[in-house]
Amino acid sequence: MSERHVIKVLLNDNHPLVLDGLKALLETFDHIEVVGTAGLAQAGLEIGRRTRPQVVLMDINMPGMGGLEATRRLKQEWPAVKIVMVTVSDDITHLFEAIRRGAQGYLLKNLAPSAWMEYLRAVALDEAPMSKELAFRLLQEFAAGKPQAEKPLAGPAGSETEAMTTPLTGREKEVLERVATGASNREVAAVLGVSE
């Protein structure tokens with residue numbers, strides 16, 4: 001990949017082993033530049049302000065502020081940044097809350113390295129805001145008549161966030177169905193006759 005296509009990534013995870021492992025993995029790819037690492041959400045915000053990464057990998061469960069609140073704040077300050085939540089949890093309520101806070105993606109820590117790399121490239125290039133597997137799970141939840149979080153999520157200081165109550169519109173469901181089949185943003189836009 002040419003120099004202009006290098007993807008600047010910030011890593012934010014409170015587990016040093018995970019942080020070091022992710023950094024080592026990402027640095028093996030010449031089109032990825034790790035511009036910083038942080039073990040706390042607040043430190044990640046500060047590094048993000050200085051380095052302006054294209055993609056932030058943000059752990060959901062961190063002490064203090066927490067990944068969900070850090071995501072909300074980062075998107076408020078810098079809407080162009082793409083934030084991918086990284087977690088061991090496949091709880092659908094976490095996915096809803098992450099998207100509500102502004103995340104563009106949601107990766108499970110148990111995915112194969114090749115899947116991570118393809119997904120990060122797609123997120124950076126606006127090709128796939130979520131994996132087709134997660135889109136399919138969202139569709140299943142909505143089809144089962146559960147368009148909202150079943151329980152509130154614990155916030156940074158033990159407070160509870162409000163439950164997600166906004167169901168998908170018809171157009172949003174069409175987009176989600178296309179993403180669940182693996183279509184890129186460009187392909188979805190072409191098929192539905194809307195801008196990317």
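Helices (H or I, at least four residues) and strands (E, at least two) are taken here as DSSP runs, numbered from the N terminus. The model is a predicted one, in which local features need pLDDT of at least 70 and side-chain atom pairs count only at pLDDT 80 or more, while totals for chains, interfaces and linings use all residues. Residues are numbered from 1 along each chain as its sequence is written, and side-chain values use heavy atoms, with hydrogens and water left out.

I7 lies in strand 1 and, at 3% relative accessibility, counts as buried, a term that means under 20% relative accessible area, with exposed meaning over 50% and partly exposed the range in between (1.4 Å probe, protein chains only). Contact is defined as heavy atoms within 4.5 Å; leaving aside its neighbours within four places in sequence, I7 is in contact with H31, I32, E33, Q54, V55, L120, R121 and A124. The C-alpha atoms of I7 and P53 are separated by 7.8 Å, although these residues stand 46 residues apart along the chain.

Strand 1 (residues 7-12) pairs with strand 3 in the parallel sense over four bridges, where pairing requires that DSSP finds at least two bridges between two strands. Within these strands, L11 stands opposite L57 in strand 3. Five strands form an open sheet in the order 2-1-3-4-5, with parallel pairing. Strand 2 and strand 5 (105-108) are at the edges, each with a single partner strand, so one side of each is left without a neighbour in the sheet. Helix 5 (residues 113-124) lies across strand 1, strand 2, strand 3, strand 4 and strand 5, and runs at about 170° to strand 5; axes are lines fitted to C-alpha atoms, for helices over the stretch in contact, and angles run from 0 to 180 degrees between N-to-C directions.

A nonpolar core is a set of buried Ala, Val, Leu, Ile, Met, Phe, Trp, Tyr and Cys residues joined through side-chain atoms within 4.5 Å. The largest such core has 24 residues, and those with the most contacts inside it are V56, M58, L74, I83, M85, A98 and Y106. Helix 4 gives the most to this core, with four residues. Apart from it lies another core, of 19 residues, among them L22, V34, L57 and W116.

Eight of the 10 residues of helix 4 are buried, so this helix is largely enclosed by the rest of the structure; the buried residues are I92, T93, H94, L95, F96, E97, A98 and R101. Just after helix 4, G102 takes a positive phi of about 115°.
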